[in-house]
Amino acid sequence: LKRNLKLEKYIIDALSQSMTVHLMERLVRRIIPDYDLHRRSGFPENIPIPQVDAAEQVYMDIVSENLLTRFVEVLIDVNRNGYMGRPVSVRLLPQIMNELEEVGLSYNEKYGAIVEGNRRVKTVGWGVLREGFTYEFSFLSFDIVGNSELVRRYTKKEILKGYTDVKRIVMRMVNKREGRMWRWEGDGGLAAFYFGNKNVQVTLGSIEILLELFIYNLFECPFREPLSMRIAAHTGPCQFFHNVNEIRSATINRLIEIETQYSDSDSLTISPSVYTDLGTKLATFFQPIEISSRSYLYRYKLQWE
Amino acid sequence: LDILVFSNSRKADGYFKIKRKSNDFSLPQIFPREDFNKVLKNAEPGTLVYLDLSGLEMVQVSRYIRTILKADDLYPGLLDPLGKITDVAHLFHEGVADYVDKATLREGITVQRLNQVFKYLLETGRAYTKTAEERTREEIRSRYISSGNSWSDVVPGREYTFCLMFVELDGAVEMEKMYGRDTLARALGSFRSYIESLVGSFNGRIWIWSGFGGVVLFPFNLTRSDSLKCGLCLVLFKHLYDIEESIFPNFISFRLALSIGNILYTEVGTGHVISDSLNYIYHLGQQFAEPGRFYITEEVLLISHTAFMEFFLESGEFEGRKIYRMRLPIHFRNTC
């Protein structure tokens with residue numbers, strides 16, 4: 001975020017006019033666990049810090065740690081749910097939200113997080129992830145089956161149309177569920193999901209891609225045979241970099257392994273860690289596949305009676 | 001025969017002396033040559049495609065002829081207002097169905113001339129004859145009144161042909177016993193929103209609704225309607241609705257039925273409309289349809305994309321019409 005004087009003023013005023021210095025410190029500790037306002041501000045322990053000074057110090061610290069949006073999420077949370085059973089009314093919250101919207105960020109009710117709004121180009125880190133930090137993601141990897149054969153059999157124009165259509169289908173599903181495309185390599189790619197119930201989102205998104213592809217093959221596919229896709233999903237920690245080519249992750253490596261070695265055409269294969277999060281309704285869609293002794297993956301494939 | 005003319009000449013309008021469409025020929029439709037590929041892609045089988053040779057090299061002419069012949073049952077004809085062609089017979093060896101020289105063009109191409117072309121195609125065994133299915137399709141279309149491509153063409157108080165879709169949740173009685181009134185109302189509201197939003201993306205509108213279901217109308221322009229694709233999507237994506245949006249704790253089940261019929265369109269008092277088409281779709285949905293299934297009349301299948309054929313199975317007759325049932329997708333590991 002670039003420096004925004006209005007936002008700075010609103011947050012400092014909101015803090016100093018809505019809560020005690022002690023509560024400010026407690027709230028910052030939700031995102032910086034060892035936060036010590038006296039140490040940071042230089043005020044001796046035995047001298048109370050004036051509210052405005054404390055608010056200014058808090059603002060400076062969260063900005064320098066690149067945690068401004070996370071802190072606003074905390075303010076929204078305490079404004080709604082109170083703190084330790086006590087109601088807290090955070091003043092100027094609407095103005096703070098307006099300022100964030102001015103820079104293209106908005107609060108997503110579904111995920112309880114501030115993410116890029118619709119107006120701006122979507123970035124790989126949702127506008128909030130921090131360079132070099134490790135987060136828990138759910139990933140989706142997909143690949144068009146028989147790419148080399150298709151390229152040999154069809155004209156460049158036909159290939160371009162078919163693959164662009166597939167990209168459109170995948171992008172629509174990923175964006176609909178607040179995922180981000182991290183890689184697109186012509187005949188396949190990688191998407192990441194971070195917010196909300198991300199394992200359910202990645203699974204539903206993948207099923208929806210398969211169903212949309214089925215409809216596409218019936219009515220629009222430029223090829224004589226249907227386009228097939230292999231999709232795999234896995235979840236786990238991954239160190240984030242804005243340049244996604246720099247990302248090296250065991251989670252992504254495992255995902256690629258599932259996709260290339262164990263997935264089937266026109267199907268979605270998910271790892272046990274994704275499967276366990278699905279809930280009973282969605283889990284019934286999946287068939288276990290034993291890949292080695294006592295080691296399972298789970299697969300969804302659309303079939304017809 | 002349909003007649004397409006590709007010409008960049010301003011005089012092209014005068015090339016034909018046909019002012020009225022007949023049983024045998026449609027009125028010529030004139031397009032600039034730049035639209036050749038685009039228009040040709042959608043040409044009906046049995047179309048006579050005339051190309052104005054002005055400004056074209058012979059190599060280009062041969063390429064155009066080949067393109068026309070590559071499509072099934074299209075016949076190339078050449079218009080030569082500048083008298084460029086010297087070896088006319090050669091064109092016929094290449095597969096041309098007609099060649100019109102400068103003098104004939106000046107007089108204008110007549111119906112008699114087109115009859116001669118058709119006779120020539122018949123004699124050479126190339127004339128396109130319609131299949132029984134195509135004849136049935138045309139017959140169906142001739143019985144109906146187009147409601148256009150969108151709702152903006154539909155005026156209340158007039159009679160139109162629509163595709164009518166019946167949709168109703170199964171197990172209404174059990175649901176009323178199982179859920180409290182408020183919970184049921186919320187769950188039914190969510191179901192209606194799902195139907196409304198999905199049919200809306202296919203140009204459909206809920207026309208009648210009462211609690212557990214109702215009737216949706218789709219405009220029908222006598223050529224195509226998205227109603228069957230919409231039905232397919234309702235069945236295919238139902239389980240995602242179940243997981244993501246439905247307030248009902250279990251997987252829901254609903255019946256769908258689709259037919260075509262005429263309706264005196266009204267926007268008020270739809271609950272009091274008396275109509276054979278409306279009666280038919282209600283009867284089909286409530287008396288014939290089995291829980292969780294999607295049924296359509298043969299007419300719907302005939303006016304729809306051929307890709308649907310493999311997903312529908314014959315399922316007997318109902319009130320004098322042949323009925324087809326959709327094969328259901330199997331999403332689950334054990335049951336459907």
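Contact here means heavy atoms within 4.5 Å. By that rule, 28 residues of chain B are in contact with 26 residues of chain A. The model is predicted, so local features need pLDDT of at least 70 and side-chain atom pairs count only at pLDDT 80 or more, while totals for chains, interfaces and linings use all residues. Residues are numbered from 1 along each chain as its sequence is written, chains are lettered from A in the order in which they are written, and side-chain values use heavy atoms, with hydrogens and water left out.

**Interface of chain B and chain A**

- The size of an interface is often given as the accessible area lost when the parts come together.
- About 2,500 Å² is buried between chain B and chain A, and carbon and sulfur atoms give 66% of that area; buried area is the accessible area (1.4 Å probe) that two parts lose on being put together, summed over both.
- Three salt bridges are counted between the two chains, a salt bridge being a side-chain nitrogen of Lys or Arg within 4 Å of a carboxyl oxygen of Asp or Glu.
- One of them links B:Arg325 to A:Glu305, with the closest N and O atoms 2.9 Å apart.

**The side of chain B that touches chain A**

- Helix 9 (227-244), strand 12 (321-326) and strand 13 (329-330) of chain B each supply at least two residues of this side; helices (H or I, at least four residues) and strands (E, at least two) are DSSP runs, numbered from the N terminus.
- Helix 9 of chain B gives the largest share, ten residues.
- By class, the residues of this side are 17 nonpolar, four polar and seven charged, where Ala, Val, Leu, Ile, Met, Phe, Trp, Tyr, Cys and Pro count as nonpolar, Asp, Glu, Lys and Arg as charged, and the others, Gly among them, as polar.

**Strand pairing between the chains**

- Strand 10 (residues 303-304) of chain A and strand 13 of chain B run antiparallel and are joined by two bridges; strands pair if DSSP finds at least two bridges between them.
- B:Pro329 in strand 13 of chain B stands opposite A:Trp304.

**Strand 3 of chain B**

- Six of the six residues of strand 3 (residues 47-52) are buried, that is, under 20% relative accessible area (1.4 Å probe, protein chains only).
- B:Thr47, B:Val49 and B:Leu51 cover one side, and B:Leu48, B:Tyr50 and B:Asp52 the other.
- Strand 1 (residues 2-6) of chain B pairs with strand 3 in the parallel sense over five bridges, and B:Ile3 has B:Leu48 as its bridge partner.
- Strand 4 (residues 74-79) of chain B pairs with strand 3 in the parallel sense over six bridges, with B:Leu79 opposite B:Asp52.

Definitions and conventions. Buried means under 20% relative accessible area, exposed over 50%, partly exposed in between (1.4 Å probe, protein chains only).
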